[in-house]
Amino acid sequence: MRIRREIVRAALRGCRSPLASHRFSVRVDRKMYDAVTALTRPLEGVHWQREVVGGVPVERTVSLGANATLIYLHGGAYGLGSAYGYRRVAGRLAEAAWMAAVVPDYSLAPESVALEEMVEVYTALLAAGMNPQTTVIAGDSAGGGLALALAMTLRDRGIARPAALGLIRPVITSAVSPVCGNFADLPPIVLQSAGEDPLVEKIVGVATDVEHQRSDALWRDIHLQAGVRAEADLALAELGSRLRAHVQARVETT
């Protein structure tokens, strides 16, 4: 069943205004945000299990056939969102990319350890046998900014880099800020955005290998309506297809 665009956007505005007003407790805000992520329709046949990787809780797909890995970092302005709440989005992107998904539950603000936690998750997965050549890191909003910062950190520390990055409207804070970082020698970036965005324009302007998929007809959080809006399905399908192509290209050149 598809829902009219106007209804979806009105529902999102109704949730976003209370979240931005800070009228409620952090606990209530987080529950409201998880309700927004629940708009994504789940995929049949995708099963998840809870694990601890590198000391960090993660949600992980149970898959017997996937030969590549998607590490998905959820959005939520660094203070909201959860791995559990983003299983539907990550699951749909993983299916589009033909990959298994790992969604870490990184520490939320006011903690400032999310980046180091993601380094621990990534290196623990490598130690457990994950192949960086068939691994991609993706994220939306705050998760997109965190994914970019993680890629820079892995490069700077000499840790094997993933095959590609998938960034959906990345945003940053002072705690996790790649905006002033060095964009050289990063994995190929597939970047999705809607409308003007200073960080997106900087990435496009300075990154050496970036594919920018911009659509001014879309709106913020469009990917959270996957399974409800055709535009969301198409956006995730395009991102997944390009990430898979980068994995295949990486494997073929090694």
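This report describes the helices, strands and nonpolar cores of one predicted protein model.

Residues are numbered from 1 along each chain as its sequence is written, and side-chain values use heavy atoms, with hydrogens and water left out. Because the model is predicted, local features need pLDDT of at least 70 and side-chain atom pairs count only at pLDDT 80 or more, while totals for chains, interfaces and linings use all residues.

## The chain as a whole

The protein chain has seven helices and eight strands. Helices (H or I, at least four residues) and strands (E, at least two) are DSSP runs, numbered from the N terminus. Of the 254 residues in the protein chain, 50% are buried. Buried means under 20% relative accessible area, exposed means over 50%, and partly exposed lies in between, with a 1.4 Å probe and protein chains only. The accessible surface of the protein chain comes to about 11400 Å², and 53% of this belongs to carbon and sulfur atoms. These areas come from the Shrake-Rupley method with a 1.4 Å probe; for residues, only the protein chains shown count as cover.

Contact means heavy atoms within 4.5 Å. Among contacts in the protein chain between residues at least 6 apart in sequence, 72% join residues at least 24 apart.

## Strand β7 and its neighbours

Strand β7 covers residues 189-193. Five of the five residues of β7 are buried, so the strand is largely enclosed by the rest of the structure. In a regular strand the side chains alternate between the two faces of the sheet. In β7, Ile189, Leu191 and Ser193 point one way, and Val190 and Gln192 point the other way.

Two strands pair if DSSP finds at least two bridges between them. β7 runs parallel to β6, to which four bridges join it. β7 also runs parallel to β8 (residues 210-214), with five bridges. Leu191 in β7 is the bridge partner of Leu167, and Leu191 also stands opposite His212 in β8. Ile189 has Val210 as its bridge partner in β8.

Together, β7, helix α6 (residues 198-206) and β8 make a right-handed β-α-β unit. A crossover is right-handed if, with the strands pointing away from the viewer, the path from the first strand over the helix to the second runs clockwise.

## The nonpolar cores

In soluble globular proteins, nonpolar side chains tend to be buried together. A nonpolar core is a set of buried Ala, Val, Leu, Ile, Met, Phe, Trp, Tyr and Cys residues joined through side-chain atoms within 4.5 Å. The largest nonpolar core here has 37 residues, and those with the most contacts inside it include Met118, Leu148, Ile189 and Ile203. Among the elements that each supply at least two residues of this core are α4 (114-127), α5 (142-156), β6 (164-168), β7 and α6. The most comes from α5, with nine residues.

Which residues does Ile203 touch, not counting residues up to four places away in sequence? Ile203 touches Leu148, Leu167, Pro170, Phe183, Ile189, Leu191 and Val210. Apart from this core lies another, of 28 residues, among them Ala68, Ala138, Ala226 and Val247.

Leu148 is placed in helix α5. At 0% relative accessibility, Leu148 counts as buried. Leu148 and Ile189 are 41 residues apart along the chain, and their C-alpha atoms are separated by 9.1 Å.

## Two helices

The expected span of a helix is 1.5 Å times one less than its number of residues.

| Helix | Number of residues | First to last C-alpha | Expected span |
|---|---|---|---|
| α4 | 14 residues | 20 Å | 20 Å |
| α7 | 23 residues | 33 Å | 33 Å |

The buried residues of α4 include Met118, Val121, Tyr122 and Leu125. What covers the buried residues of α4 includes β2, β3 and α5. In α7, the buried residues include Leu236, Leu239, Leu243 and Val247. An α-helix has 3.6 residues a turn, so residues three or four places apart point the same way.

## Residues with positive phi

Gly129 follows α4 and has a positive phi, near 115°. Trp98 has a positive phi near 60° and is a residue other than glycine. Trp98 lies in the loop between α3 and β4, and at 56% relative accessibility it counts as exposed. Ser141, also a residue other than glycine, has a positive phi near 55°. Ser141 is found in the loop between β5 and α5, and at 9% relative accessibility it counts as buried.
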